[in-house]
Amino acid sequence: MLIAGFPAGAWGTNCYLVAPAAGEECVIIDPGHQATQGVEETLKKHRLKPVAVVLTHGHIDHVASVVPVCGAHDVPAWIHPSDRYMMSDPEKALGRSIGMPLMGELTVGEPDDVHELTDGAKLSLAGLELTVSHAPGHTKGSVTFGMPEAADVPPVFFSGDLLFAGSIGRTDLPGGDMAEMLDSLARVCLPLDDSTVVLSGHGPQTTIGRERATNPYLREVAAGQGASPAPRRGM
């Protein structure tokens, strides 16, 4: 299994390229702001051929490079229908302007081919199986992608802006909802095995076991108490 990731752009959003091995087809997860060069360099380094872009949610820091990446490689993008509008109207998704200088660097809109994600779907792409879990709270259309244990790696969980190392995504932007966030944490994260590697939208990787033991949100959700600390990362 090959998972190559890098933080991109003004928000340091993690973009991941996932393949069974070097020299094979791959899936690109969350090519965000200024991610195009990093994507192309990673493809070349590992001799990868992309077959799809999949998106954990629609915020501009996760989708800003979708159009050029999909266009350059003639591949579709997958997104939950509740967040699809954000690709064409990023400022509406944030409830504010993200700034004219920054907007000048973005290609706003949808790629030519867009598929919609559904809860529980199993995507068979590039020789991989990604299980989709709808996980609203950060946005209405937030999803996560789970991959089963393989011969050389433990289970992997691409959490988007649902779960970070030590924190969770913010809920104060349009479509955010703390009650939904807590429900998603309980429903999607808590059942996962402690060995599951968490690759989130921002920050370092962690494991479900570590977060179960130390993350104040996951600890309090597990105890049925809700969460009180303030989230730290994401748009």
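The model is a predicted one.

Start with strand S13, which covers residues 197–200. Which of its residues are buried on each side? Val197 and Leu199 are buried on one side. Val198 and Ser200 are buried on the other. Both faces of S13 are therefore covered, because side chains in a regular strand alternate between the two faces of the sheet.

S13 has a parallel partner in strand S10, residues 156–160. Four bridges join S10 to S13. Glycine 160 stands opposite serine 200 of S13.

S13 also pairs with strand S14, residues 206–207. Here the strands run antiparallel, and two bridges join them. Valine 197 stands opposite threonine 207 of S14. Together S13 and S14 form a hairpin, with five residues between the strands. Glycine 203 sits in the turn and has a positive phi of about 85°.

**Histidine 202**

Histidine 202 lies in the loop between S13 and S14. Is this residue buried or exposed? Its relative accessibility is 4%, so histidine 202 counts as buried. The cut-off for buried is under 20%.

What does the side chain of histidine 202 contact? Another goes to the side chain of aspartate 161, at 3.5 Å.

**Buried cysteines**

How many disulfides does the structure hold? The number is zero. Cysteine 70 is buried, with a relative accessible area of 3%. Cysteine 189 is buried too, at 0%.

| Residue | Relative accessible area | Class |
|---|---|---|
| Cysteine 70 | 3% | buried |
| Cysteine 189 | 0% | buried |
| Histidine 202 | 4% | buried |

**Two packed helices**

Now turn to the helices. Helix H1 spans residues 36–46, and helix H3 spans residues 66–73. At what angle do H1 and H3 pack? The angle is about 35°, and the axes are 9 Å apart. From H1, the contact uses Thr36, Val39, Glu40 and Leu43. From H3, it uses Pro68, Val69 and His73. By class, the contact of H1 with H3 has four nonpolar residues, two polar ones and one charged one.

Methods:
Residues numbered from 1 in each chain as written. Predicted model: local features only at pLDDT ≥ 70, side-chain atom pairs only at ≥ 80, totals over all residues. Heavy atoms only, no water. Buried < 20%, exposed > 50% of the residue type's maximum accessible area, 1.4 Å probe, protein only. Pairing = 2+ DSSP bridges. Axes fitted to C-alpha atoms, helices over the stretch in contact; angles between N-to-C directions. Contact = heavy atoms within 4.5 Å. Nonpolar A, V, L, I, M, F, W, Y, C, P; charged D, E, K, R; others polar. Disulfide = S-S within 2.5 Å. Polar contact = N/O pair within 3.5 Å; in protein donor to acceptor, adjacent residues only side chain to side chain.
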